[in-house]
Amino acid sequence: MSPLPSSALAVDASVPTAARPPGVRPPAWWRARSGGSAGGTSLGLGLVTLYLSFLVLIPLGAVIWKSQSNGWSEGWHQVTSPQAWAALKLTLTISVGVALFNLVMGTVIAWVLVRDDFPGKSVVELLIDLPFALPTIVAGVVLLSLYGPRSPAHINIAYTRTAITVALLFVTLPFVVRTVQPVLIELDRDMEAAAASLGASPFLIARRIILPNLVPAMLTGTGLAFARAIGEFGSISLLSGNLPFRTEVSAVNIYNQIQSDNPVGAAAQSTVLLFIAFVVLFALDRLKRWGGRRG
Amino acid sequence: MADASGVVAVQSNRRSASRYGLRFVALGYLLVLLAAPVAMVFYRAFQHGTGPIWRSLTSSEARSAIEVTLIVAISAVVLNTIFGVGAALLLVRRRFPGRHLLDVLVDIPQAVSPIVVGLALILVYGKFGFFGSWIERNGLKIIFSLPGMVLATAFVSLPLVVRSVAPVLAEIGDEQEQAARTLGANRWQTFRRITFPSIRDALAYGVVLSLARSLGEYGAVTVVSGHVVGKTMTLTLFIDERLQNFDQTAAYSAAVLLAIIAMGSLLISRRLRTRSRSNS
């Protein structure tokens, strides 16, 4: 790292002024390299960057690089091959549906947890986070035990698209609940009381006062749920049966391509998933700033 | 007067009706999707008593799976704890070019499918990967052995410690650290005496989350493990392998073990989170 004067100064701003003898200012190149705060910063930054690079950045770069190693058109050809394309379409369709369903159900659950009171609420409160803590394969086993071939309720959804939907609903359940809940707790109830005193119906209050305040959080939770859903593997692979063109999702398709030694196809499909996930994350980052500006 | 109170009564009736309706929908949904299936797996595992569970979890295969799971998870958590505290300190306490970029990069792993994580590691550290020939020349093995599984696990649990520690660091501010430094404490003393005690609960919260995530990782590990029974088989892979061999008892037993760990970590992390919030 060759620190430009401006960046060296910027780094130096974090040094507590009191730690420096007044009047004696070492030159910029010295300050950047000395064992002081700036030196610690570069060393720490170097290690953190190294770790991130070798663990995350170089591997993800390799995926994108591999997807076009036989040319971009070949990569795209792999993505649009009938089986991969069917898997991608299925994944995106179900994920959109699951995300939208979460948008509604998650908001309802958050509402009930904040505004309603009933015995056993604290247990429900704990239960909500379980899908985050539970390993995905255990989620698969759990659903299989009640909705699988040996279902005591005689509901067998194994090897159907319904199974994929249910598995995704299970693993994405907490996202909307946990983003909406804190906003709902903070929401000023005086506004609702004022609206009610002016004769607004509960429905009108919900639509005009409560919902607009919740929308950024609802969209954030939905986006996170969607990003999670398109990459899900563990819970689905057990339940869906992974039948090509019928119940094979993208993650399983990638897995099968790795197993059948087609790294270019696997990398191409992965690149598409990465791209979609990053677009969603970028949009959410924008949304956060927008929501932050609105207060 | 009577009219007005009638309207109020109708409204409040309607309101409580909608309240019970919402409650019924929310709890019914949670019961069907979450509570009933989880209860069912416990019932299935325990329906013939604890004997079969104990036997299937103490078989040599299961014991080695537990051992491998612990080795991989603990290694990944140690790596991510060191990285996480360092990265959080940098992000909150320092100003440097590229800080916002680092902030964004830390969150990337949670947007990546576990299968893509596995593929990415194979493409770099596998036999035909970027560093494959170098690794082989030096007699190392990363993919299809423990180091690759540690990398995969560390990848997926990367943001958890950073994101638990950073907000607390930001909240406590750096006045006390600066005071310590002016009083002559060196960097390490300042961290150990001032910074660490105030982030301890948040750090423990992050470690518990990482550990829970690491013990249960399946997708990324399944790609890079090679499924060698007794060597690179973790508990999650053991569940899958047992199900393929129609050994439901063993699969349900391991699933229940992991579910209990998940529930325990949930309880502990909840307690730690409230404590770290009330302290700061």
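Predicted model: local features only at pLDDT ≥ 70, side-chain atom pairs only at ≥ 80, totals over all residues.
**View 1**
Chain B contains 13 helices and zero strands, and from the N terminus on its elements read α-α-α-α-α-α-α-α-α-α-α-α-α. The C-alpha trace of chain B spans about 90 × 65 × 35 Å along its principal axes. The radius of gyration of chain B is 25 Å, whereas a compact globule of 280 residues would have one near 19 Å. Of the 280 residues in this chain, 45% count as buried. When contacts in chain B between residues at least 6 apart in sequence are considered, 77% of them join residues at least 24 apart.

Chain A has 14 helices and zero strands, and buried residues make up 42% of its 295 residues. Among contacts in chain A between residues at least 6 apart in sequence, 74% link residues that are at least 24 apart. Where the two chains meet, 69 residues of chain A are in contact with 67 residues of chain B. Helix H3 (residues 37-67) of chain A gives the most to the side of chain A that touches chain B, contributing 16 residues. Sorted by class, that side of chain A has 56 nonpolar, ten polar and three charged residues.

**View 1. Helices H3 and H7 of chain B, packed against each other.**
Two packed helices are described by the angle between their axes and the distance between the axes. In this view, helix H3 (residues 60-93) of chain B packs against helix H7 (residues 146-156) of chain B at an angle of about 55°, and their axes are 8 Å apart. Angles under 35 degrees count as roughly parallel and those from 65 to 115 as roughly perpendicular, and H3(B) and H7(B) are therefore oblique to each other. The crossing in which H3(B) passes H7(B) is right-handed. On the H3(B) side, the residues that meet H7(B) are B:Ile71, B:Val72, B:Ala73, B:Ser75, B:Ala76, B:Leu79 and B:Asn80, while H7(B) brings B:Leu146, B:Met149, B:Val150, B:Thr153 and B:Ala154 to the contact. By class, this contact of H3(B) with H7(B) has nine nonpolar, three polar and no charged residues.

Residues A:Met191, A:Glu192, A:Ala195 and A:Ala196 in H10(A) meet A:Ile205, A:Ile209 and A:Ile210 in H11(A). The residues of this contact of H10(A) with H11(A) divide into six nonpolar, no polar and one charged.

**View 2. A:Leu211, a residue in helix H11 of chain A.**
Helix H11 of chain A covers residues 202-231, and A:Leu211 has its place there. Is A:Leu211 buried or exposed? With 12 C-beta neighbours inside 10 Å, A:Leu211 counts as exposed. A:Leu211 and A:Thr107 are 104 residues apart in sequence, and their C-alpha atoms are 9.8 Å apart in space.

**View 3. Helix H13 of chain A, largely enclosed by the rest of the structure.**
Eight of the ten residues of helix H13 (residues 250-259) of chain A are buried, so this helix is largely enclosed by the rest of the structure. The buried residues of H13(A) are A:Ser250, A:Ala251, A:Val252, A:Asn253, A:Ile254, A:Tyr255, A:Gln257 and A:Ile258. H13(A) is followed by A:Asp261, whose phi is positive, near 60°.

Most residues other than glycine have a negative phi. The place of A:Tyr159 is in the loop between helix H8 (136-147) and helix H9 (161-186) of chain A, and with 17 other C-beta atoms within 10 Å, A:Tyr159 is partly exposed. B:His227 lies in the loop between helix H11 (219-225) and helix H12 (235-244) of chain B, and B:His227 is partly exposed, with 15 other C-beta atoms within 10 Å.

Key
Residues numbered from 1 in each chain as written. Chains lettered and ligands numbered in written order. Axes fitted to C-alpha atoms, helices over the stretch in contact; angles between N-to-C directions. Helix = DSSP H or I, 4+ residues; strand = E, 2+ residues; numbered from the N terminus. Parallel < 35°, antiparallel > 145°, perpendicular 65-115°, else oblique. Left-handed = near helix turned anticlockwise from the far one by under 90°. Contact = placed C-beta atoms within 7 Å. Nonpolar A, V, L, I, M, F, W, Y, C, P; charged D, E, K, R; others polar. Rg over C-alpha atoms; globule rule 2.2 N^0.38 Å. Buried ≥ 20, exposed ≤ 12 C-beta atoms within 10 Å, placed from the backbone.
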